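Please look through the following points with the model open beside you. They are meant to be read in order.

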Amino acid sequence: MNSELLLRAVVVASAAWLAACAGMGKNENVDYRAVVASPDRSGADRETDQRRNPELLLAFTGARPGMRVLDMGAGGGYSTELLARAVGAGGTVYAQDAQAVSPRARERFDERAKTPAMRNVVRVLRDYDDPVPTGVRDLDLITFFFAYHDTAFMSVDRAKMNRALFEVLKPGGVLVIADHSAQAGAGVSVAKSLHRIEEAMLRQEIEAAGFRLVAKADFLRHPEDPRDSIVFRPKVPVDEFVLKFERP
């Protein structure tokens, strides 16, 4: 190879490297505020924003364009839609719920699914302890927002579920769980009556599947909550924990 061809090769390789770096930088700096402020989001979702703090929650998950995400317990699709917007057209969000999902939640999700923001969403109606279709593997992110406690009073093998989540994540992939906090020592005893779960027990169950806790967030914490009332009729804002686990 003569000197001119060598110089061209170096220039082309350098340009490709710089372009890749630029793309990585762009992905690492997602404008979550803009995602939440999208003008086509519904008024009902904006009301939910007041208690969910979605900008910080999305940032904590690290959802970026091109990611493949599993949203466990998708319900009416509030979080699913936000994740779909964050991962963009090049990403995919699998929205899981049990076949026995409530008719109201199913109706709300089906209506939401008609909107352009949900074009990259795949609906998955499967049992919690067998949550992903065959062939779906190496996911970047799993979210489980305010629904893990429900599995404690359903016919769900949570150990099997957590192992399944571990297996479908790629090494280095993360699982982010947010839920309503129960009093210390409550375990899952108030999961049905108060829709709360003890943080320490949840963490123990997730770590038993092989996950490693890597971060906690306090933006949904409310220490003034005595954690002794049902979350649907709170006297004060509900104390909620947010945990990030990684598959080593």
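1. A residue is called exposed when its relative accessible area is over 50%, buried when that area is under 20%, and partly exposed in between. The model is a predicted one, and by this cut-off K216 is exposed because its relative accessible area is 52%.

2. K216 forms a salt bridge with E199, the closest N and O atoms being 3.9 Å apart. The two residues sit in distant parts of the chain, with E199 in helix α8 and K216 in strand β6, 17 residues apart. E199, at 16% relative accessibility, counts as buried.

3. Which residue forms a salt bridge with R196? The partner is D225, and here the closest N and O atoms are 3.0 Å apart. R196 lies in the loop between β5 and α8, while D225 lies in the loop between β6 and β7, so the pair ties together parts that are 29 residues apart in sequence. R196 is buried, with a relative accessible area of 0%, and D225 is buried as well, at 5%.

4. Helix α4, which spans residues 54-61, has P54, L57, L58, F60 and T61 as its buried residues. They lie on the same side of α4 because they cover an arc of only 160° around the axis. The helix is followed by G62, whose phi is positive, near 75°.

5. The second largest pocket holds about 170 Å³ of space. It is lined by 13 residues, and G62, R64, M67, D140 and K170 are the closest to its centre. Strand β5 gives the most to this lining, with four residues.

Terms used:
Residues are numbered from 1 along each chain as its sequence is written. This is a predicted model: local features need pLDDT of at least 70, side-chain atom pairs count only at pLDDT 80 or more; totals for chains, interfaces and linings use all residues. Side-chain values use heavy atoms; hydrogens and water are left out. On a 1 Å grid over the protein atoms alone, a cavity is a set of points where a 1.4 Å probe fits but cannot get out, and a pocket is an open set with protein on both sides within 12 Å along at least five of seven lines; lining residues have an atom within 4 Å of a point. Grid points are joined across faces, edges and corners, and a volume is the space filled by probe spheres set on the points. Buried means under 20% relative accessible area, exposed over 50%, partly exposed in between (1.4 Å probe, protein chains only). The arc is that of the directions from the helix axis to the C-beta atoms. A salt bridge is a side-chain nitrogen of Lys or Arg within 4 Å of a carboxyl oxygen of Asp or Glu.
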